[in-house]
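Please look over the sequence and the structure below.

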Amino acid sequence: MKFKTLLLATTAMAMLGAAVAPAMAQTTLRLVSKDLLTTNPDDMKEIEAIEAALKAQGTDVDIQTIDLPGGTAAYGEALGVMLLSGDIPDIMYFQGGDQKMAEQGILEDLRPWVEGSETVKAGMWPHNFDRLENYPYLIYLYPARAPQPVMRKDWLDELGLQPPTTVEEYEALFQAIHDADLDGDGTPGNTLGLTGFGNTGELDSIFNQAFGVTGTWMKNAEGKWVNARVTDAEKAKIEFYARLADKGLFDKEYVTNTYDVKEDKFYTGKAGVIFGSSPEVIDIYSGKMRQTYPEADVSLVLLPVPSGPGGKGLAAVDVAKEARGWAISSLSEHKDEAFKVLEFMASKEGQDIDRLGFEGVHHNTAADGSVTFTDAISTWYARFFNASNWTPPTPLLGDTAQAALDNIKADFVADNAFVWPAEYAAEVDATEQIYRAWVARFITGEASLDQWGDFVSEYNAAGGARMAEYAASVLGE
């Protein structure tokens, strides 16, 4: 009898305990990203939505975000200091500085996690696979960056030209823009065909392949690996840029232009063609152009990737590693939950949160399920991913931007660049500086292409020759 009473009492207590115990244990995850701050209400609202969705799926997490400075340089420096002090969050966003941390063993190898995933793997773009295999510590599900040129459609129509499809036709277009009075100020010949900023990287995106610059490393006439920057193909491309600048078709001030100055020259009609670094940026250009000329129906047209002596296609994509992306701490006690956050953000539900913003603020959903965006969507941006297999319920990109994205998908070619060992850091930096300086001098006319040999000699002496020897050991004969 006593045993039966004890058993009943024990059972009752167990049932009571089950009734009051939480359905699942909550895990605290610490996360750091320059685009997720406790001081930004939208950021915190998104975090709350992620937590609620994960909890509904059976994963109860408390995501605690860490505030660091938002600027790229300041963020990277502050993140490095924090990690080196031993304060290592579970989930980290890097935009540089990650390689040093990977070498110290504090970043998780993500390949096994991705291989066993359902949504991250499905949402990867072609270059993501190569980058993860070459450098397995970061994932960043975004299309490859491939700047592409746009111009005002009404200007192209006014010139009576078709979009250029060859290098020669591009030069003719730039010349036509320059010679016409498209801005209507009564003074023909004062509009640049093309502007840029900082360096020629944007132009290289569509002109590299056309001139036969097929990758970072190419073989010379002797069959030896050399950096493409010292090849005859590169010389021909730079000669083209220099000719455009000499004729007033390309902005010689590109070196000192800031991003804002470049854009302003486009919006104010001082330049006819501008490169958008991504489809989303091209959409921004379209919107700003409409705001600049509200009385006119101004739209932008995407100019094609040209063919040339070397071929056709967008520049080869560096797949050595992700330049930015998400990492998980190898020291975390909650790796499974941490990856579930990334896995969720690559899912349809996660992408709906990350890409569409909030119901009633950034978009509205009708009774039939159709979605319309509000004007507030222009200020919304994804904090995590742009998964390749996610389809928005209504187009997020305009036709011009979508065409740019289609080009990125169709023209992907992997580069043969690789991650340099730390001992080559000085040579990598020195040769980059020498290349950029000489290119600027060639384009502005401070140096003649007859001095190409001087550039090659200086480049090789500064580390180019040693780097080529190492490249041969990596790439093989």
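**Strand pairing and helix packing**

Strand β1 (residues 27-32) and strand β3 (residues 91-94) run parallel and are joined by two bridges. Helices (H or I, at least four residues) and strands (E, at least two) are DSSP runs numbered from the N terminus. This is a predicted model, in which local features need pLDDT of at least 70 and side-chain atom pairs count only at pLDDT 80 or more, while totals for chains, interfaces and linings use all residues. Residues are numbered from 1 along each chain as its sequence is written, and side-chain values use heavy atoms, without hydrogens and water.

**Sheet**

- Four strands, in the order β2-β1-β3-β12, make up an open sheet with mixed pairing (strands pair if DSSP finds at least two bridges between them).
- β2 (61-66) and β12 (325-328) are the edge strands, each pairing on one side only.
- Val32 stands opposite Met92 in β3.

**Helices on the sheet**

- Helix α14 (residues 335-345) lies across β1, β2, β3 and β12 and runs at about 160° to β12 (angles run from 0 to 180 degrees between N-to-C directions, and axes are lines fitted to C-alpha atoms, for helices over the stretch in contact).

**Helix pair**

- Helix α9 (residues 167-179) packs against helix α11 (residues 232-246) at an angle of about 15°, their axes being 11 Å apart.
- α9 and α11 are therefore roughly parallel to each other (angles under 35 degrees).
- Val167, Glu171 and Phe174 of α9 make the contact with Phe240, Arg243 and Leu244 of α11 (contact means heavy atoms within 4.5 Å).

Definitions and conventions: Angles under 35 degrees count as roughly parallel, over 145 as roughly antiparallel, 65 to 115 as roughly perpendicular and the rest as oblique.
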